[in-house]
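Visitor: I am new to this structure and would like a close look at one part of it. Please take me through that part and what surrounds it.

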Amino acid sequence: LILVYTCVLVIKTCELSPDACRSYGFGASAKGFFLFFIFFGFSMLLFQLIIEAFAIAYQIRMQNKLRRLRHRGGRFVELPLLTKEAFQHLPGLVSSPYFHLFLSHAWPLGQDVCKLIKQRCREICPSLIAFLDVEDLTSGYGAESVDSSQCILVFAMPVYFEKINCVRELVRAIVRNKPITLLLPDAEVHGEFTQAMVREIVTDVWVEQWKLGKLLAEWPTEWGVAELKEPTAAEMCDALFKQPPLEWSRITPFQDRTMVLMCQRLLPETGRNIYT
């Protein structure tokens, strides 16, 4: 507006006083100044368009650098918001927040990895809601939130199979027929722990030592169902290994691959062609 006002003022001055116009260096008329104004205006417009183009290109470049999950077409992966309807087939479900992923781990060794997994979930897929006890547990032992979770991630370490809370979460996931993803630790950080070692631990003797009968007698009362069958060691192993186990790594590119495979299992089969 100031530029337009200045232009009009100079043109009027040139019309009233050709001598004053000559003193500005535009000749005896305002034609020269008018052409200068047009040229200057187009130059400023072109400069602004170039700046905007660079800003848009920079924004696109930064967006492409985001560690977000994408479908092969380039769209960001978005998980649907879970509602009670997705879990209405479960008897005795208590209304609570709903989660796509339940992070089952043993304190204290598994806590740092699971906190990192939840942070990575926020980065690569903000719509993915993961349950982590230190952040989301409001009451109880946490096993109750297994019911309102779509999938269970078991971060398997020897200590995991030595804690009653972990066993409670695992058994609850099995009797609730939840998909389980077994995540094996980084051998160089937490020590080697293989599928064979898991099978060596989960035996009928191991199952008997937890006296699951008492636990499985309480849940039917809460859910309003008939008695629950105690899972055998073979059935527990079948549930743990129904899907190929994943491996965690301290190296970021390998973490990215594990996160992609983990998130694929939360998507419909037709939408699992994703990358980060």
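Visitor: In which loop is the place of N177? Please go on from there to the strands and helices around it.

Guide: The model is a predicted one. N177 lies in the loop between α7 (164-175) and β5. Its phi is near 60°, a positive value in a residue that is not glycine. N177 has 66% relative accessibility, and because exposed means over 50%, N177 counts as exposed.

I180 belongs to strand β5 (residues 180-184). Leaving out residues up to four places away in sequence, I180 touches I152, V154, L170, A173, I174, A239, L240 and Q243. Of these contacts, Q243 is 63 residues away from I180 along the chain, while the C-alpha atoms of the two are separated by 7.4 Å.

I152 leads on to another pair of strands. It is the bridge partner, in β4, of F102. Strand β4 covers residues 149-155 and is joined to β2 by five bridges, the two strands running parallel. Strand β2 itself spans residues 99-104; six of its six residues are buried, so the strand is largely enclosed by the rest of the structure. β2 also runs parallel to strand β3 (residues 130-131), with two bridges joining them. There, F102 stands opposite F131. Between β2 and β3 the chain passes through helix α4 (residues 111-124), and this β-α-β crossover is right-handed.

On the way from β2 to α4 there is a loop that holds P108. The peptide bond from W107 to P108 is cis, with omega near -10°.

Helix α4 packs against helix α13 (residues 252-264) at an angle of about 75°, and the two axes are 11 Å apart. That angle makes α4 roughly perpendicular to α13. On the α4 side the contact is formed by L116, I117, R120, C121 and I124, which meet Q255, D256, M259, M262 and C263 in α13. The residues of this contact comprise seven nonpolar, one polar and two charged.

K211 is found in the loop between α10 (204-209) and α11 (212-223). Its phi is near 50°, again a positive value in a residue other than glycine. At 64% relative accessibility, K211 counts as exposed.

Definitions and conventions: Residues numbered from 1 in each chain as written. Predicted model: local features only at pLDDT ≥ 70, side-chain atom pairs only at ≥ 80, totals over all residues. Heavy atoms only, no water. Buried < 20%, exposed > 50% of the residue type's maximum accessible area, 1.4 Å probe, protein only. Helix = DSSP H or I, 4+ residues; strand = E, 2+ residues; numbered from the N terminus. Pairing = 2+ DSSP bridges. Right-handed = clockwise from strand over helix to strand, strands pointing away. Axes fitted to C-alpha atoms, helices over the stretch in contact; angles between N-to-C directions. Parallel < 35°, antiparallel > 145°, perpendicular 65-115°, else oblique. Contact = heavy atoms within 4.5 Å. Nonpolar A, V, L, I, M, F, W, Y, C, P; charged D, E, K, R; others polar.
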